[in-house]
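Please look over the sequence and the model shown below before reading on. The report that follows takes up a pocket, some strands and the nonpolar cores in turn.

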Amino acid sequence: MQTVLLTGAGGDVGKRITPLLKAVYPKVILSDMTKPSDLMGCEFRLAELSDRAAVEKTVAGVDGIIHLGGFSVEGPWDTILNANIVGCYNLFESAHKAGVKRIIFASSNHAVGYYPRADKIPTNVNVLPDSRYGVSKAFGEALGAMYAMKHGMGVTSLRIGNVGEQPIDVRRLAIMLHPEDLIQLIRIGLEHPDIAYEVFYGASGNTRAWWDNSRAQAFGYRPKHNAETQAPHAEAEQKKATPHPVGDYYQGGTFCSAEYTADLQKQKDTVARAKRPSRS
Ligand code: 15L
């Protein structure tokens, strides 16, 4: 990997990892829909993801892509459609035509947000998106799998929790991903010789993890950070939040409770019945 492209470089996660990528790869190219104020010495390519021609120019001559670009939270359907569905397709299709070897797709925990916090889930579960945003991430995972299988591109979907160095509530104690651990996952996806299509959870080695990340571990992932070291801070912050029966029950938190009109108790009962072993 000589030349890597980082889309969504102007966002919070992009800014955090640019210096770490620069320390590893000979050439790091940044891309976003607006130019970040600090390019940290990198080349910059301006592109709106829904503009195929612009995306084709952006991916030219790169060996690998870290695709963080798109709309990073829940939003109106048209916004999600253009940035995360059309934009993601443009990115993969342009990369395929340009002969890009590896892609890291920034998926999200919100692709599986409707699993209860009481469950510990591996990566090979059905998607259970908690939002239009989560649906777009499930779409991106499926798209990545298709390019991997049909065209031999090496693709890794990272179901990212929350990137940062300090968990801001109790939920983030389970899902925090320290930027240094994110770089480790990215490096596995870009460099490991045996990547065809993989899904890893983007989480540090958190004591309260809801996710079984043994697939990433099998590829050598050894997270150095654990959100638990900052549990007192997270618990103090949690006390300031208003409890919500839905948001506090499901992994996706407020993404699950927003716009929720189902009956939580009925939902719990149905799932419990479905899990009960059959008598026949
Ligand atoms: C995400 O996918 C978002 O991009 C991020 O802003 C956080 O909201 C994060 O999930 C989370 O679940 O905390």
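## A pocket and its lining

About how much space lies in the second largest pocket? In this model, which is predicted rather than determined by experiment, the second largest pocket holds about 220 Å³ of space. Its lining includes Tyr114, Tyr115, Pro116, Asp119 and Leu128, together with Tyr249 and Tyr250, and it also takes in Gln267, Lys268, Val271, Ala272 and Lys275. Helix 11, which covers residues 264-275, gives the most to this lining, with five residues.

## Strands that run parallel

Strand 1 (residues 3-7) pairs with strand 2 in the parallel sense through five bridges, and within this pairing Leu5 stands opposite Ile29 of strand 2. Strand 2 in turn runs parallel to strand 3 (residues 43-46), with four bridges between them, and here Leu30 has Phe44 of strand 3 as its bridge partner. Strand 2, made up of residues 27-32, is mostly covered, since five of its six residues are buried.

Strand 1 is also joined to strand 4 by four bridges, again in the parallel sense, and Thr7 stands opposite His67 of strand 4.

## Helices between the strands

Strand 1, helix 1 (residues 12-22) and strand 2 form a right-handed one, and strand 4, helix 3 (residues 77-98) and strand 5 form another that is right-handed.

In soluble globular proteins, nonpolar side chains tend to be buried together. The largest nonpolar core in this model has 30 residues, and Leu21, Ile66 and Ile186 are those with the most contacts inside it. At least two residues of this core come from each of strand 1, helix 1, strand 2, strand 5 (102-108), strand 6 (154-160) and helix 6 (179-191), and helix 6 gives the most, with six residues.

Which residues does Leu21 touch, when those up to four places away in sequence are not counted? Leu21 touches Leu6, Val28, Ile66, Ile183 and Ile186.

Notes
Residues numbered from 1 in each chain as written. Predicted model: local features only at pLDDT ≥ 70, side-chain atom pairs only at ≥ 80, totals over all residues. Heavy atoms only, no water. Buried < 20%, exposed > 50% of the residue type's maximum accessible area, 1.4 Å probe, protein only. Pairing = 2+ DSSP bridges. Right-handed = clockwise from strand over helix to strand, strands pointing away. Core = buried A, V, L, I, M, F, W, Y, C linked by side-chain atoms within 4.5 Å. Contact = heavy atoms within 4.5 Å. 1 Å grid on protein atoms, 1.4 Å probe; cavity = no way out; pocket = protein on both sides within 12 Å on 5 of 7 lines; lining within 4 Å. Points joined across faces, edges and corners; volume = space filled by probe spheres on them.
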